[in-house]
Amino acid sequence: MVWRQITGEEPPTVPPTAVGYTRAGLPRFDWYAEQPALNGAEWLKGLSSVHQLGKEKGEVPQPENALVVPENVVPLRQPRRGFVREGEF
């Protein structure tokens with residue numbers, strides 16, 4: 001781990017995996033559903049994902065990040081109008 005290389009010590013905790021996070025019942029925030037999709041650069045269309053490259057090599061990249069279906073999804077509210085703007089008191 002990078003933490004160990006930098007500090008010479010064991011990390012204080014191990015980051016949770018998607019499976020562990022879901023099993024613990026922790027909430028997922030529906031952030032991306034609220035955001036408009038952006039068009040990517042044309043040249044990015046030709047790139048392969050880490051998952052695709054692993055499949056091509058017969059490997060299982062990042063097995064700790066198995067696909068999960070979140071159960072506890074918390075929708076985000078739209079911001080309220082009428083906030084004080086800079087210079088308005």
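User: In what order do the elements of the protein chain run from the N terminus on?
Analyst: They run α-α-β-α-α-β. This is a predicted model, by the way.

User: And how many helices and strands does that come to?
Analyst: Four helices and two strands.

User: Where is V73 in all that?
Analyst: V73 sits in strand β2, which covers residues 73-74.

User: Which residues does V73 touch, leaving out those up to four places away in sequence?
Analyst: V73 touches R28 and D30. V73 and R28 are 45 residues apart along the chain, yet 4.7 Å separates their C-alpha atoms.

User: Zooming out, what share of the protein chain is buried?
Analyst: Buried residues make up 3% of the 89 residues.

User: What about contacts with a separation of 6 or more: what share comes from residues 24 or more positions apart?
Analyst: Those residues account for 63% of such contacts in the protein chain.

User: New topic. Which residues make the nonpolar surface patch?
Analyst: W43, L44 and L47 make that patch. Its area is about 360 Å².

User: Where does L44 lie?
Analyst: L44 is in the loop between α3 and α4. Helix α3 spans 31-34, and α4 spans 50-57.

User: Why does L44 count as partly exposed?
Analyst: Because L44 has 40% relative accessibility. The cut-offs are under 20% for buried and over 50% for exposed, so L44 falls in between.

User: Now charges. How many salt bridges does the structure hold?
Analyst: Two. R4 pairs with E10 in one of them. E42 and K45 form a salt bridge through their side chains.

User: How far apart are the N and O atoms?
Analyst: For R4 and E10, the closest N and O atoms are 2.9 Å apart. For E42 and K45, the N to O distance is 3.3 Å.

User: Are E42 and K45 buried or exposed?
Analyst: E42 and K45 are both exposed.

User: And how do R4 and E10 count?
Analyst: R4 is partly exposed, with a relative accessible area of 34%. E10 counts as exposed, because its relative accessibility is 53%.

Technical notes
Residues numbered from 1 in each chain as written. Predicted model: local features only at pLDDT ≥ 70, side-chain atom pairs only at ≥ 80, totals over all residues. Heavy atoms only, no water. Buried < 20%, exposed > 50% of the residue type's maximum accessible area, 1.4 Å probe, protein only. Contact = heavy atoms within 4.5 Å. Patch = residues over 30% accessible without salt bridge, like charges linked within 9 Å, V, L, I, M, F, W, Y side chains within 5 Å. Areas by Shrake-Rupley, 256 points an atom, 1.4 Å probe, with all protein chains shown as cover. Salt bridge = Lys/Arg side-chain N within 4 Å of Asp/Glu carboxyl O.
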